[in-house]
Amino acid sequence: MRTDALFIGIEIDDEAAKDTALAAKLEEVCPVDIYAQAADGTAQIVAVNVDECVLCRLCLDASPDGAVRVLKLYEDGAEL
Amino acid sequence: MRFYEYEAREIVKRAGIPVTDYGFTADAGEAGQIAERIGGSTVIKSQVLTGGRMKAGGVKFADTPGEAEAHAADILKLEINGHAARGVLVDPRAQVKQEYYAGVVWDGTAKKPLILFSDMGGIDIEQVAEEHPDHVGRAHVPTLLPVSDFHAKQAIAGAGVTGRQMQRLIPIVSRLAQLFQTDDMTLAEINPLAELEDGSFVALDAHMEMEKEAEGRQRELLRALGIADDEERDGHEPSTFESAVSAIDAADHRGVIQGKDTGFHGDLGLVIGAGGGSLTLTDAVQSVGGSPANYSEIGGNPSVAKACGLAKAVLQKDGVEKIAVMMSIVSNTRVDIVARGVIKACIELGKDPAETISVFRIPGAWEEEGFKILRRYGVEHFDRSVSMHEAAQRAVDKIQGTTAP
């Protein structure tokens, strides 16, 4: 799944999003609440918070390589 | 925190400065009784936190208690500059020989209180200082040592007052300087300080403002004045803009924003802040001929939503076509986050950021990332090599059309 705001885009690999442990971890680490764990345990992106991303990389560090991508849309989609 | 005149008089009285035998009431009948107690002619003055009382009919003279009651009834119904009267002050009509001015203000440059004294009271001290500078005496007061009569004497002598008048004035001015310090005032003013026909001196009017942050420490004084712990005291009702900015700030704990537009009528919206930057930048805009639409403060690392909210509130003010986003060098407030916020505000209001943001001058944390965003949207931006004054000049030139867009 991918959600693009004005400045930032967030992409979670569809398979990774089903990982309930990862979903819980993403919700826990993000300081600006971009990730939430849905009732069924899967990861969701909170669209209204995406542009609040502070580029801290905590979500990237908490997930396996390639599971989550943070894109800087103001830099032609450059990956964080 | 600003005080009503009747409260300011009480503060002055508590400091040992002579005042007239005045009375305060919110009841017209009681105003008549106070006038009867005082005896003779009285002055009935509306108690509002705004100027222009005399012009608006908020100050009237009465020769009898009945007349005082009637005037009080009229004044209590009167709204002055949108302010309803808290009550009326009934004051004896003093036989004045000469009016003086005594005030203590904070001198931000010297970082010390400054006593101002003039033998030309009853008019604004600013006007006296401009038209009769030789009639204004000044003396700084130390902040670590106790206030001495010497400082009062220095200020009084500076206005050319000597002899018996000086001797009588010294304790009054000295006590005013002491109360400025002990009561955490930002302004303590007696104007006029009247010399009566019998040679005595009395405070006929007083204006006091207390440092807002000191309210907790001064709770005992405030309670003694009858001011409730939860009473909010502003010199004016918040404007739509001010209320909107306060609501945005209260809704999000991240960072801090403030906005004021009372007294501003310009066309250049200001999103400004950082370590005294707001005051410097407002002055800078005015000094180069610009006309700010507002004052604001943004800092403490606000969220994108908060920066966006402030910029939107500024842009939605009547007559604002462009905003200038400027700060001193920031350490914790991120340049990229503010850049996102102000650009988002433009876009959500259907405006072109490149046209709407006249300049963006915030050097500091994450500036390279911020500048990438600004470049992307074509917003003119500066780093620390451009001073705040130069940035203000550029913003004003753009809004006045004296330079290429």
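Predicted model: local features only at pLDDT ≥ 70, side-chain atom pairs only at ≥ 80, totals over all residues.
View 1. R340(B), K344(B) and R376(B) supply 38% of the area that chain B buries against chain A, more than any other three residues. Chain B brings 17 residues to the contact and chain A brings 14 residues (contact means heavy atoms within 4.5 Å).

**View 2. A salt bridge across the interface.** Here D51(A) and K344(B) join side chains in a salt bridge, 3.2 Å from N to O (a side-chain nitrogen of Lys or Arg within 4 Å of a carboxyl oxygen of Asp or Glu). The count between the chains is 4 salt bridges.

**View 3. Around β17(B).** Strand β17 of chain B, residues 357–361, has 5 of its 5 residues buried (under 20% relative accessible area, 1.4 Å probe, protein chains only). Strands here are DSSP E runs of at least two residues, and helices are H or I runs of at least four, numbered from the N terminus. β16(B), residues 322–327, pairs with β17(B) in the parallel sense over 4 bridges (pairing takes at least two DSSP bridges). M326(B) sits opposite R361(B), and R361(B) also stands opposite F382(B) in β18(B).

**Notes.** Residues are numbered from 1 along each chain as its sequence is written, and chains are lettered from A and ligands numbered from 1 in the order in which they are written. Local features need pLDDT of at least 70 and side-chain atom pairs count only at pLDDT 80 or more, while totals for chains, interfaces and linings use all residues; side-chain values use heavy atoms, with hydrogens and water left out.

How values were computed
Buried < 20%, exposed > 50% of the residue type's maximum accessible area, 1.4 Å probe, protein only. Buried area = accessible area lost by both parts, 1.4 Å probe.
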